[in-house]
Each structure stands twice: as structure tokens, then as C-alpha cells.
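Please look through the sequence and the model below. The paragraphs that follow go through strands, helices and loops in turn.

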Amino acid sequence: MMSRRIALTLVGLLLAPSIPVAIAEELIPFELRGQSKEKQVPQGSGAGTCSFGELKLPQEFMIYAAGSYTGREIHFQIDQSGHQATRIDVVANSISRPVVLLLGAYEPTIWNIGWSSETKILAVLASGYHRQVVAGLPKNVPLLISSYDNKGPCGYFYVSEETLGSLNPISRRLFGRPVDQVFLAKSGQAIVGNPLGKDIKLVTSPETPPESFLDKSAPLAGSLGLEDAVTRGLLRRATSADAEAWVNALSEANPTPDIPPIAGKGTPRPRQPSLHNAFVVLKEFVYPAGLYGGNLATFYVPKGVPMPMGDPGHSSVYDFKTLRCKGAICR
């Protein structure tokens, strides 16, 4: 278990000019430093085969697996799956023996790797269903990424209590023996190997920072993606006039509904749609990932405006062209 002091030092901010300040994520503030300069098998070796190529392993080393179904959600995308990207910060601490890492998550994930200054990482395999990328690893450390989405040569797996059976076969195939220990990530963090002491210094490589995997063609996720679309003129905030326009359009399309009038009120009009987190679509627009739960929205699509692309999640979409609402909570 980490001490309170270490736990508190694991919080920091890493900003990049290409990412708005609003989506900066908490990262472990490793000291930026590479590993040793000794010659190693380059990343990408063994491409097309489930192999690390000519990687030579010492007689004694540890095989650690770490991960979970998903990590901590981040607010930018790393692929076009429509699933919200996550991040898992991995700290390797193995002073007595070098390590190889098997990392697995189902959701698209950035693995942000650091290690104690006396730890040596020999190789890393990252796997999952959606895209998996590895940050903080020096480029001279062998890296193999095999996911369902990239049709990787090793197939795919993710690490959880329910999926432990997939780990030893892949470990034996790559390294000749089973996994020594599994570390389940919690809240987007995994301490792999020995517990961290009070004075342990953590390092990482600046060669591949997490923000380098930003998919600039994908919208930001969740509410930040919606606000960004407003800023870019793709959406505007909906008003009561937009909700009333929907009611009027329904009434005009069906002026004599087959329902009896209410005494003193006449024939009831359709109910106004929700204005909760509501937007009018103005131009071509791709739904940001993560529009579920508290992030669900309401979209009004006027005639002549293309229907948005992607996954609306739990949101409601009112189409003025067809006068139909699509979504789990449409009235």
C-alpha cells in the first residue's frame, strides 16, 4: 500500500499546446528521464508475428500483468471507436529483478508508464479490444501492441479477475513461462511489483507523452466535446422557442389527432421536449463519445441540416425532417 505521502505526490498536471487547458488530465509527475542507453531490440520488432523478435531475456526476470476493463476517463479521443478513451498510469517497482509487462484493458486506453529509478523494463505487451497505446516508454524498449481493432498478431485480452485464464498462454508464448503476478488497476492506477517506499523516485521517458496520441480528427469527449462544437459553430444552445417549434411542427403535421378534447382546454397539444443540455445542430457534426448518464443531451436537427454521425449514447435526437425522436427517453 502506498504511503499517504507517495499517494499525494502522484497528482500533477501535464499540458500540451495542442490540447485545450480544460482537458488537461492528472498524471503521475514522474521525473522525465530515459532508461539506460544499452542497445536493445527496437520497438515494432516482430511486426506481423506474436514475437519480440530477437529479444534476449536474462536468466532471472519477473513477468507482471496489470490492467482492468477500463481506466480513468479522459476528455480527448485516441481512436474512432466511439468509446470514450481512458488512461491507466502504471508504476513498475522491481529493484531486484528486471520486468516484462503485460497490460490489458477493453476500452481504448493510454498506458502511461513510469518506474522507480532502479527498475529495468525489458519489454511491454499492451492489448485490449479497442486501441491501446503506450506513453512514457523509451523507444529502445521493445513494445508490442496487439488488440482486436488492430488485428494484432497475439490476438487480444484484457486484465480482470474474470479474464485471468487468457494471461498464462500468451505469457508462455512470448516469454516461455507463466505470469508471476497480476495487479488490478484501480481508479486508473496500478503499482506493479513491490510497494513504493517513502523515498523512491519515479521516472519516465519524455519521448512519447500521453497527449501525442490525441486523435485530432475525433471530437473531444462528453460535455467538453459539446462545448467545443458550440465554439466552432457546429451547435448552438437550444431555447424554449426551439422546443415550441417542435410542438408546432407536430401539430401542423397532425391537425386533427384522434383524441377527445378536455373540457375547458380543448385538444391537448404535444408536450414540449426537454431543454436539459439541449442543442440545435447547425452543420455537419459528430457526436462526442461518452453521452451517457449525466452527460446525455438533447439535439434538435432542423430541416436541411445533416443528421449527426456517430453514437448519441443516451441522448434524444429530434429530427424536424421526419418529425421523429430517436433515443432512449424520447417522449
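Contact here means heavy atoms within 4.5 Å. Helices (H or I, at least four residues) and strands (E, at least two) are DSSP runs, numbered from the N terminus. The model is predicted, so local features need pLDDT of at least 70 and side-chain atom pairs count only at pLDDT 80 or more, whereas totals for chains, interfaces and linings use all residues. Residues are numbered from 1 along each chain as its sequence is written, and side-chain values use heavy atoms, with hydrogens and water left out.

Helix α3 (222-231) is a place to begin. Buried means under 20% relative accessible area, exposed over 50%, and partly exposed in between (1.4 Å probe, protein chains only). In α3 the buried residues are Gly 222, Gly 225, Leu 226 and Ala 229. They lie on the same side of α3, because they cover an arc of only 100 degrees around the axis; the arc is that of the directions from the helix axis to the C-beta atoms. What do the buried residues of α3 pack against? Their partners are the strands β13 (235-237), β14 (278-281) and β15 (298-301). After α3 comes Gly 233, with a positive phi near 80 degrees.

The loop between β12 (202-204) and α3 holds Leu 220. Is Leu 220 buried or exposed? With a relative accessible area of 12%, Leu 220 is buried. Leu 220 and Ala 289 are 69 residues apart in sequence, yet their C-alpha atoms are 7.6 Å apart in space.

Two strands pair if DSSP finds at least two bridges between them. The sheet has 5 strands in the order β9-β7-β5-β2-β10, with parallel pairing. β9 and β10 stand at the edges with a single partner strand each, so one side of each has no neighbour in the sheet. On average, neighbouring strands of this sheet are turned by 15 degrees against each other, direction ignored. Within the sheet, β2 (residues 62-67) and β5 (residues 99-104) run parallel and are joined by 6 bridges. Opposite Ala 66 stands Leu 103 in β5. Helix α2 lies across β2, β5, β7 (121-128), β9 and β10, and runs at about 140 degrees to β5. For such angles, axes are lines fitted to C-alpha atoms, for helices over the stretch in contact, and the angles run from 0 to 180 degrees between N-to-C directions.

Another parallel pair is formed by strand β6 (residues 109-116) and β8, over 4 bridges. Trp 111 has Val 134 in β8 as its bridge partner. In a regular strand the side chains alternate between the two faces of the sheet. In β8 (residues 132-135) both faces are covered, with Gln 132 and Val 134 buried on one side and Val 133 and Ala 135 buried on the other.

Two loop residues other than glycine have positive phi values. Lys 151, in the loop between β9 (143-147) and α2 (167-175), has phi near 50 degrees. Lys 151 is exposed, at a relative accessible area of 72%. For Ser 187, phi is near 55 degrees, and the loop is that between β10 (181-184) and β11 (189-193). Ser 187 is exposed too, at 71% relative accessibility.

Ser 251 counts as buried, with a relative accessible area of 19%. Leaving aside residues up to four places away in sequence, Ser 251 touches Arg 269 and Pro 270.
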